[in-house]
Amino acid sequence: MSRHTEHGFTLIELMVVVTILGILSAIAIPSYRQYVQKNARSEAESSLLGMSVELEQWRAKTLTYGGFTPRQGWSSTANTVYVPSGSSATTHNYAISIMHVSSASTPVALSLSTASPANSWVMVATPRAGSLVENSPMLAYTSQGVKCESKAGDIMVKAGSKQNCGVGSKPW
């Protein structure tokens, strides 16, 4: 009589494999999310710095920042640039607004493309709700070189009027 040999895995072996896969995914998913957030933030910072160069070139030609529109990615309906390049209002990670803050007693942010004359600017990159970066802070950059991040909703006015971003902000 020959013995028939069984082939396959036991329930314990399968449970060990599932447990190992669960542990690996618990480590990998948060690491990947942090990588995506860091990459999106770096891209937004790079866009802010690139547009500041364009702004300075514009001012060198026109002697004012007023009337400026970026070369690429400008949505004139929303007065924003979407990051990453080529994204839309529903697919972007960050929306960058370029504004002039009036020097009135109560600062008011005006679109730089329509503000005239404008002797300074403030750019703010706002993360899109529903994206992987939605809990990230807003990034601000001013014509005086102030770079800060904050979760405060009035970061643009604070950055433009006081040359700092207010309580709870930090440089980037």
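This is a predicted model: local features need pLDDT of at least 70, side-chain atom pairs count only at pLDDT 80 or more; totals for chains, interfaces and linings use all residues.
User: Thanks! Which residue of strand 7 is the bridge partner of Tyr-141?

Analyst: Strand 6 and strand 7, the latter covering residues 147–150, run antiparallel and are joined by four bridges. In their hairpin, four residues lie between the strands, and Gly-145 takes a positive phi near 90°. The bridge partner of Tyr-141 in strand 7 is Lys-147.

User: And on the strand 5 side, which residue of strand 6 is the bridge partner of Ala-125?

Analyst: Strand 5 and strand 6 pair through four bridges, in the antiparallel sense. Within strand 6, Ala-125 has as its bridge partner Leu-139.

User: Is strand 6 mostly covered or mostly uncovered?

Analyst: Met-138, Ala-140 and Thr-142 point one way from the strand, while Leu-139 and Tyr-141 point the other way, and all are buried. With five of its five residues buried, strand 6 is mostly covered.

User: Which element gives the largest share of the largest nonpolar core?

Analyst: That core has 22 residues, and those touching the most other members include Leu-48, Ile-96 and Met-123. Elements giving two or more residues to this core include helix 1 (11–62), strand 3 (94–101) and strand 5 (122–127). The largest share, five residues, comes from helix 1.

User: How many residues are in the other core that lies apart from it?

Analyst: Among the members of that other core are Val-122 and Val-124, along with Met-138 and Ala-140. Its residues number eight.

Terms used
Residues are numbered from 1 along each chain as its sequence is written. Side-chain values use heavy atoms; hydrogens and water are left out. A nonpolar core is a set of buried Ala, Val, Leu, Ile, Met, Phe, Trp, Tyr and Cys residues joined through side-chain atoms within 4.5 Å. Buried means under 20% relative accessible area, exposed over 50%, partly exposed in between (1.4 Å probe, protein chains only). Two strands pair if DSSP finds at least two bridges between them.
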